[in-house]
Amino acid sequence: KYIMLKKGVYMLFHLKYTHSAESCFKNNKEKSEIFKNRLRKANEYGVTIKFNVGNSLEHAIFMLIETDTAEGVHEWLDPIVDLGHIELTSVIEKKL
């Protein structure tokens, strides 16, 4: 179904999710559960969340995700795209 990379080769993406103070999940438990449940399903779409951190003062969540298809990422995020704003940036690992 997807064009996949060679076995063992993955793409990395930095994901930034934000929402307004008015639409904050702390004020809407239903939206919070929809969002959290979708994150828990990442593996079903070939997505691995490498880290997940947030800043509640800025209403922002940051993730590094790994996948072998961009399509899987889009399918995974599609049901929650309207809950806030998503920025998805391809990144590469830099050795220091």
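What follows starts with the overall fold, then goes through the strands, the core, a pair of histidines and the tail.

First, some ground rules. This is a predicted model, in which local features need pLDDT of at least 70 and side-chain atom pairs count only at pLDDT 80 or more, while totals for chains, interfaces and linings use all residues. Residues are numbered from 1 along each chain as its sequence is written, and side-chain values use heavy atoms, with hydrogens and water left out.

Let's begin with the whole chain. The protein chain has two helices and four strands, where helices (H or I, at least four residues) and strands (E, at least two) are DSSP runs numbered from the N terminus. Read from the N terminus on, the order is β-α-β-β-α-β. The C-alpha trace spans about 45 × 35 × 15 Å along its principal axes. Take the contacts (heavy atoms within 4.5 Å) with a separation of 6 or more: residues 24 or more positions apart account for 68% of them. Of the 96 residues, 31% count as buried; buried means under 20% relative accessible area, exposed over 50%, and partly exposed in between, with a 1.4 Å probe and protein chains only.

Now find β3. Strands count as paired if DSSP finds at least two bridges between them. Eight bridges join β1 to β3, and the two run antiparallel; phenylalanine 62 in β3 is the bridge partner of lysine 16. Strand β2 (residues 47-55) also pairs with β3 in the antiparallel sense, over eight bridges, and here asparagine 52 has methionine 63 of β3 as its bridge partner. Why is β3 largely enclosed by the rest of the structure? Because seven of its eight residues are buried.

Next comes the core. In soluble globular proteins, nonpolar side chains tend to be buried together. A nonpolar core here is a set of buried Ala, Val, Leu, Ile, Met, Phe, Trp, Tyr and Cys residues joined through side-chain atoms within 4.5 Å. The largest one has 16 residues, and those with the most contacts inside it are Leu15, Tyr17, Phe35, Met63, Ile65, Val73 and Trp76. Two or more residues of this core come from each of β1 (11-18), α1 (29-40), β3 (60-67) and α2 (70-77). Tyrosine 17 is worth a click: not counting residues up to four places away in sequence, its contacts include Phe25, Phe35, Ile61, Leu83 and Ile86, along with His59.

That brings us to histidine 59, in the loop between β2 and β3. The hairpin of these strands has four residues between them, and histidine 59 takes a positive phi near 55° there. Histidine 59 counts as buried, because its relative accessibility is 18%. Beyond four places in sequence, histidine 59 touches Tyr17, Thr18, His19, Ser20, Ala21 and Cys24. Leaving aside neighbours within four places, histidine 19 is in contact with Cys24, Phe25, His59, Leu83 and Gly84.

Finally, look at the tail. Lysine 95 sits in the segment after β4 (85-91). Is lysine 95 buried or exposed? It is exposed, with a relative accessible area of 70%. The C-alpha atoms of lysine 95 and tyrosine 45 are separated by 28 Å, the two residues being 50 apart along the chain.
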